[in-house]
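Here are my notes on the model you sent. Please read them alongside the coordinates.

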Amino acid sequence: MFVLPRFIGAASRQCLSSTLTRRGRPRLVVSTRTTTIPKASFLSTSSSTRANIQPPHSNNSIPPYMIAMISLPLVGAGYLYVRYQDEVPLTKRQRWIATSTKWETQMGDQEFAKLKRQYKSEILPKDHRASVTVQRVGSRIAQAALEFSQEYNSIGNNNNTFVQPTFTVVRSDQANAFVLPGNHIFVFTGLFQYIQTEDELAAVLGHEMAHTLARHVGEKISSNLLVQLLGSLSLLVDPSGSLLSLIIPSASLLREMPNSRTQEFEADRIGMHLASRACFDPRAAQHFFKKMKQEEEKGKRSRNSRPPEFMSTHPSHDSRIDSMHGWLQETNPIYNREDGTVCRKMREDIAQSRRIAAQRHAARENQHQQQRVLA
Ligand SMILES: [Zn+2]
């Protein structure tokens with residue numbers, strides 16, 4: 001899951017309503033009447049004759065200023081469309097992005113500051129066991145994401161600047177996780193009831209970081225801009241707004257819904273690649289999503305059970321789980337690279353880090369208990 005900063009959505013709605021209320025644009029009238037041209041009149045060089053044949057402001061012809069009004073934005077839009085074509089790393093899907101990574105990061109940073117204020121009292125301290133675990137697993141995924149980004153930049157398919165992630169764990173019943181542009185990842189503690197292993201946590205964090213790597217928020221904002229541009233152009237042709245009212249719902253159905261599904265699939269696939277690079281078992285993604293799906297089905301049967309929020313924006317679970325199974329053919333060779341020796345060694349290090357973290361946690365608990373006894 002990933003979220004758009006709310007102010008961006010609000011800005012889009014404001015822009016749209018202003019285009020809907022626009023008035024007073026000249027109406028484009030294309031007449032079907034034929035004009036009878038006097039014989040040989042085209043040979044005449046007399047300005048008065050030319051004026052009789054093609055009056056500059058006749059109701060039967062398209063005024064030049066109108067042609068310019070329509071063609072210039074179209075040429076401009078065409079140029080911008082070609083200029084800002086971009087390719088998703090790994091999947092190689094072409095899309096249009098007009099925003100820069102820097103701008104997306106700045107917007108994400110602002111929203112991050114807001115959310116930190118909003119969740120202030122519920123944010124777990126950095127030394128809390130859950131925060132330590134998320135940070136430890138997340139930093140390994142981040143290292144894999146950095147290498148992934150550098151690799152795709154080096155082959156010229158991508159020009160993204162990798163931003164080091166932040167991890168914020170929020171105490172909440174919600175089973176949810178999301179990422180803001182700028183790689184700010186939020187994990188709600190309700191999600192831990194479905195996460196039994198660090199491999200499953202890696203699947204979630206890999207999915208979120210993949211949204212940032214693939215710049216899905218920038219893509220979404222850009223496609224909203226494109227719809228607004230088309231809406232404005234449609235008003236030139238049809239000032240009544242009838243065409244606009246057709247364009248907006250069609251765009252939403254045909255573009256946004258499949259797009260968000262495509263983006264979720266991409267985040268799953270790239271996320272599994274990141275987990276495998278970081279030596280977390282890529283099969284864990286399937287296990288985790290199966291558990292979430294079962295919980296959601298249980299939620300539909302029972303009124304008291306609430307479906308996990310993480311799934312609410314992730315459609316078509318069955319096909320996603322099937323796709324994950326297919327992607328194991330790509331990720332297993334990464335996970336088992338060099339006959340499995342790389343990840344065997346790294347997983348020993350991961351286990352050692354986990355043991356050290358558990359010992360530190362136990363020592364801290366002891367210390368707190370002694371302080372409580374002394375108090
Ligand atoms: Zn997602």
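How many helices and strands are there in the protein chain?

1. Overall make-up. The protein chain holds 12 helices and 5 strands. Helices (H or I, at least four residues) and strands (E, at least two) are DSSP runs, numbered from the N terminus. Of the 375 residues, 29% count as buried. Buried means 20 or more other C-beta atoms within 10 Å of the residue's own, exposed means 12 or fewer, and partly exposed lies in between, with C-beta atoms placed from the backbone.

2. Basis. This is a predicted model: local features need pLDDT of at least 70, side-chain atom pairs count only at pLDDT 80 or more, and totals for chains, interfaces and linings use all residues. Residues are numbered from 1 along each chain as its sequence is written.

3. Confidence. pLDDT is the predictor's confidence in each residue, from 0 to 100. The chain has a mean of 78, and 72% of its residues reach 70 or more. Helix 1 (residues 6-20) is lowest, at a mean of 33, while strand 3 is highest, at 98. Over residues 3-56 the pLDDT is below 50, yet this stretch has 39 contacts in the model beyond near neighbours in sequence. Two residues are in contact if their C-beta atoms, placed from the backbone, lie within 7 Å. Where pLDDT is low, the predicted coordinates should not be read in detail.

4. Three strands form an open sheet in the order 3-5-4, with mixed pairing. Its edges are strand 3 (166-170) and strand 4 (177-180), each pairing on one side only. The twist averages 20 degrees from one strand to the next. Strands pair if DSSP finds at least two bridges between them. Strand 3 and strand 5 run parallel, joined by 5 bridges. Strand 4 and strand 5 (residues 184-188) are antiparallel, over 4 bridges.

5. V187. Which residue of strand 5 is the bridge partner of V169? That partner is V187. A177 also stands opposite V187. V187 is among the residues that touch the most other members of the largest nonpolar core.

6. The core. That core has 49 residues, and I141, A202 and L274 join V187 in touching the most other members. A nonpolar core is a set of buried Ala, Val, Leu, Ile, Met, Phe, Trp, Tyr and Cys residues joined through C-beta atoms within 7 Å. Helix 6 gives the most to this core, with 8 residues. Helix 6 (residues 198-213) lies across strand 4 and strand 5, at about 25 degrees to strand 4. Axes are lines fitted to C-alpha atoms, for helices over the stretch in contact, and angles run from 0 to 180 degrees between N-to-C directions.

7. Helix 5. This helix (residues 129-154) has 26 residues. Beyond neighbours within four places in sequence, I141 is in contact with residues including A202, L205 and L274.

8. E295 sits in helix 9 (residues 284-301). E295 counts as partly exposed because it has 18 such neighbours inside 10 Å.

Note on methods. Expected span 1.5 Å × (residues − 1).
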